[in-house]
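Please keep the sequence and the structure in view while reading.

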2 protein chains.
Amino acid sequence: MPKGTFSNLPEVKRRRIIDAALEEFSANSYGRASLTRITRQAGIAKGSMYQYFDDKFDLYCYLLRLAGERKLAFISEAIEALGPGPDFFAMLKAAVVGGFRLAREDSRLLALGNRFVLEMDPGWREKVMVRLGLRGESTIEEWARDGVRRGEIDPGIKPSTAARLIWAASESVGQELAAGKLSPDQAEAEFTALIGVLERGLRPRAGEKGEMNR
Amino acid sequence: MPKGTFSNLPEVKRRRIIDAALEEFSANSYGRASLTRITRQAGIAKGSMYQYFDDKFDLYCYLLRLAGERKLAFISEAIEALGPGPDFFAMLKAAVVGGFRLAREDSRLLALGNRFVLEMDPGWREKVMVRLGLRGESTIEEWARDGVRRGEIDPGIKPSTAARLIWAASESVGQELAAGKLSPDQAEAEFTALIGVLERGLRPRAGEKGEMNR
DNA sequence: CTAGGATGTGACTGATCAGTCATGTGACCG
DNA sequence: CGGTCACATGACTGATCAGTCACATCCTAG
């Protein structure tokens, strides 16, 4: 976490630092991002950065937490707008598309998160997850389990299989959105198309018993 | 390409160098992989490496080409074993699962390729593709176009959508296989389950016109 | 006005890296 | 034997980095 000195900083300066760091970490992998460049960009001395954060890792985790919180806010809002007891697929689409909306606020926040999941060393990723107190991407799998229970997903399909497909689809579009190859609108349309196919594949069919696994 | 001196090397030494380089580049991203470590591991002087290759990039491309050729061999073999005029989904499954078999020969070859697609800088990836004379991942999309023509895929689904789903699914499983989180057998089973769902989602349904996009 | 804690600073340390180059070695030819 | 040529070598260069630290500056409390 940032040290007390950071929260004491005048709003403008803090903003400048966050901005510079976000710029650097969303454009480079953790390893290639340079504190030296960040401090230069923010117009502060290198030593100052160490008044505010323990080290590079600490700064990175702070930013990632910021990004995560903003994204979660978008997702929650989108889901709540759905009203009570939403269908699995409706919820999914709302969540993913809601998350994409983060790109409209600040595409660097989205890019930061996407870079994180591409980060190569799994042990390092785990360390970050622990620091941030997060579980893995098991949420979708839980939703899928509920979906099966409610008869919205074919019981012959393992929840983990459904979750993997959905996760992979959302990552695929999310990466292109963050890379700027897709506009937010295009990304939304693209994911809608994907989820349409997946829904066809996952929903139970009348008159079938569902014996695709095991 | 490697210089002439490299091909003149005694088999054993060449093998040692390839081995050390493969180890390093499959365990680290391009940026973090160290030529110094490779030469140390291979038991040669640093200068010698520059007798064999132009630079780090040259060495990397050489390895990636090796990996690509081996993988393609596995894929071709699997597809040919299918006989003439295979169904889209049969071909797809054979290709992907065939590719996975590379892991049995040398999991580092698979890991190298997977690391490449995770590599962060798109401009850099493009540079490598150009050097190796490869086109993008458009092959699957072409297959999908053929699949639509032959009525194996719902005409309401864009080939690019189908291709994206399939690519994402194979990447998802491939990454875990390369990371050692899945055995080759598990990976094969996992992908079979995924493609099962996708097939249900993509195949035309009797009595439907197919109006999912546009 | 002054003492002292809090905060700002940038030159410095030690590490690592890709790539270079002067020098060394050994094999083969005349 | 001497000369030449292909290859081998590792100390060196210049760059970059995270992180440190002795010192400067500011602010507040007494």
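## The surfaces near the DNA

The surface near DNA strand D is made up of five nonpolar, eight polar and five charged residues, where Ala, Val, Leu, Ile, Met, Phe, Trp, Tyr, Cys and Pro count as nonpolar, Asp, Glu, Lys and Arg as charged, and the others, Gly among them, as polar. In this predicted model, local features need pLDDT of at least 70 and side-chain atom pairs count only at pLDDT 80 or more, while totals for chains, interfaces and linings use all residues. Residues are numbered from 1 along each chain as its sequence is written, and chains are lettered from A and ligands numbered from 1 in the order in which they are written.

DNA strand D is surrounded by 18 residues, of which Ser34(A), Gly47(A), Asp55(A), Ala45(B) and Gly47(B) are the closest; a residue is near a strand or molecule if its C-beta atom, placed from the backbone, lies within 6 Å of it. Two or more residues each are given to this surface by helix 3 (35–42) and helix 4 of chain A and by helix 1 (4–8) and helix 4 of chain B, and helix 4 of chain B gives the most, with four residues. Helices (H or I, at least four residues) and strands (E, at least two) are DSSP runs, numbered from the N terminus.

Around DNA strand C there are 19 residues, and those that come nearest are Ala45(A), Gly47(A), Ser34(B), Gly47(B) and Asp55(B). Here the elements that give two or more residues are helix 1 (4–8) and helix 4 (46–52) of chain A, together with helix 3 (35–42) and helix 4 (46–52) of chain B. Helix 4 of chain A contributes the largest share of the surface near DNA strand C, four residues, and by class that surface has six nonpolar, eight polar and five charged residues.

## Chain A and confidence

Chain A has 12 helices and zero strands, and its C-alpha trace spans about 70 × 35 × 30 Å along the principal axes. The mean pLDDT of chain A is 93, with 95% of its residues reaching 70 or more; pLDDT is the predictor's confidence in each residue, from 0 to 100. Over residues 209–214 of chain A, however, pLDDT stays under 50, and the model has 14 contacts beyond four places in sequence for this stretch. Where pLDDT is low, the predicted coordinates should not be read in detail.

## How the two chains are related

## The interface between the chains

In total, 27 residues of chain B are in contact with 27 residues of chain A, two residues being in contact if their C-beta atoms, placed from the backbone, lie within 7 Å. On the side of chain B that touches chain A, helix 8 (107–118), helix 11 (159–178) and helix 12 of chain B each give two or more residues, and helix 12 of chain B gives the most, with eight residues. By class, this side has 14 nonpolar, seven polar and six charged residues. Because 100% of the interface residues of chain B are also interface residues in chain A, the copies meet through the same surface.

The axes of helix 12 (residues 184–202) of chain A and helix 12 of chain B come within 7 Å and cross at roughly 105 degrees; axes are lines fitted to C-alpha atoms, for helices over the stretch in contact, and angles run from 0 to 180 degrees between N-to-C directions. These two helices are therefore roughly perpendicular to each other, since angles under 35 degrees count as roughly parallel, over 145 as roughly antiparallel, 65 to 115 as roughly perpendicular and the rest as oblique. Among the residues making the contact are Leu198(A) and Gly201(A) of helix 12 of chain A and Leu198(B) and Gly201(B) of helix 12 of chain B.
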